[in-house]
Amino acid sequence: MKKKLIGILAVAVLAGAAGAFAGYQWLQNYAQRPLSLKEPIYFTLPSGTGQAALGNLLVEKGVVSDVKALPWLLRLQPDLGGFKAGTYQLTPEMDIKAMLLLFRSGKEAQFSIRFIEGTRMQDWIPLLAQAPYVKHTLEGASEEKVAEVLAINDPAHPEGWLYPDTYNYTAGTTDRALLKRAHEKMKKTVDEVWNGREENLPYKTPYEMMIMASIIEKETALDSERDKVASVFVNRMRIGMKLQTDPTVIYGMGSQYNGNITRKDLTTPTAYNTYTIDGLPPTPIAMPGQASLKAAAHPAKTNYLYFVADGKGGHTFTTNLQSHNQAVRQYLQTLRAGKQ
């Protein structure tokens, strides 16, 4: 009888062990089950989400089709729990275990926004408004308000004070935070370039150098030309000659600019019209990049006083008005030939 009882207990233990192993294997298979996705998605895990709420969200968003085993899996492997709130990118290649480990890691999806050199504050705000997962706090804010929020006081005008670059961010980042990063980067870059500048430049402050850099940025997109363009304007400032640069006229026209500049526009005074004012305009006219800042701080050593487009993507630089007029005629001939 005793032997029979021992046999029965042994069978029960083995059956229990077999059942436990089967349950363990079932949960492991569940953990390795691919997500029910056909393409990558962004999945937001709200703060305070528990296991039950997570399961409901996963089914609702079509990430997984069955979450009955999820609580058991998390009980068996607690290292898969402790997930952090955030927005994550999930892909079809991921399995349930990889997804849970991602939630635990807190490695949120990275988004990016690109601000182009030579663009203006009025271009940045719409880009921010369209950027995915950005928290908007500056909608409808004037440029003066933006300057105030970012503590821009030299002067209270944000143009030029934001560094054009690609900025990565996570969901929920505010537009203010992104602009603050751009402002801090521009301040640092301007200080570095100013401290390494050549001597005897006609700028009294780093801000004046930034103004010059913004003009260079609008005049050419070729890195090979930036220091030459800078030399033209520096040479003009040294002899008291007006800068006479069209981008400043356009900036001063504001909303009145329709894509064309007339002779009347060139002779109509504004605070920015360098055909009518002496020296630099009062503020930058765009956001300059590092290459233009360096060109402003290290202009080429030339005698150039003029430049005009060559019709081939670059410019022709000259030292006197006669040669400049000839370059203009050549440019017009190139344009006419291109239209034939």
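## Ser-214 in helix 8

Contact here means heavy atoms within 4.5 Å. By that rule, and leaving aside neighbours within four places in sequence, Ser-214 is in contact with Pro-284, Ile-285, Ala-286 and Pro-288. Ser-214 is found in helix 8, residues 206-219. Helices are DSSP runs of H or I with at least four residues, numbered from the N terminus. Ser-214 has 0% relative accessibility and counts as buried. Buried means under 20% relative accessible area, exposed over 50%, and partly exposed in between, with a 1.4 Å probe and protein chains only.

## Basis of the model

This is a predicted model, in which local features need pLDDT of at least 70 and side-chain atom pairs count only at pLDDT 80 or more, while totals for chains, interfaces and linings use all residues. Residues are numbered from 1 along each chain as its sequence is written, and side-chain values use heavy atoms, with hydrogens and water left out.

## Domains 1 and 2

The chain is assigned domain 1 (34-108), domain 2 (111-189) and domain 3 (202-338). These bounds come from an automatic or database domain assignment. The centres of domain 1 and domain 2, taken over C-alpha atoms, are 33 Å apart. Their contact takes 4 residues from domain 1 and 4 residues from domain 2.

About 330 Å² is buried between domain 1 and domain 2, and carbon and sulfur atoms give 66% of this. Buried area is the accessible area (1.4 Å probe) that two parts lose on being put together, summed over both. On the domain 1 side, Tyr-42, Thr-87 and Glu-108 lose the most area to domain 2, together 93% of what that side buries. By class, the side of domain 1 that touches domain 2 has 1 nonpolar, 2 polar and 1 charged residues. Here Ala, Val, Leu, Ile, Met, Phe, Trp, Tyr, Cys and Pro count as nonpolar, Asp, Glu, Lys and Arg as charged, and the others, Gly among them, as polar.

## Helix 10

Helix 10 covers residues 246-253, and its Pro-247, Thr-248, Val-249, Tyr-251 and Met-253 are buried. The buried residues of helix 10 pack against helix 8 and helix 11 (263-267). Gly-254 follows helix 10 and has a positive phi, near 60°.

## Salt bridges

Side chains of opposite charge can pair when their charged atoms come close. The rule for a salt bridge is a side-chain nitrogen of Lys or Arg within 4 Å of a carboxyl oxygen of Asp or Glu. A search of the whole structure finds 11 salt bridges. Lys-180, Glu-184 and Lys-187 are linked in a network of them.

Glu-217 forms a salt bridge with Arg-226, with the closest N and O atoms 3.2 Å apart. Glu-217 is buried at 11% relative accessible area, and Arg-226 is buried at 7%. Asp-278 and Lys-242 also meet in a salt bridge, at 3.0 Å from N to O. Asp-278 lies in the loop between helix 11 and helix 12 (290-297), and Lys-242 in the loop between helix 9 (223-239) and helix 10, so the pair ties together parts that are 36 residues apart in sequence. Asp-278 is exposed at 59% relative accessibility, whereas Lys-242 is partly exposed at 28%. Asp-66 forms a salt bridge with Lys-68, with 3.9 Å between the closest N and O atoms. Asp-66 is partly exposed at 25%, and Lys-68 is exposed at 67%.

Notes: Helix = DSSP H or I, 4+ residues; strand = E, 2+ residues; numbered from the N terminus.
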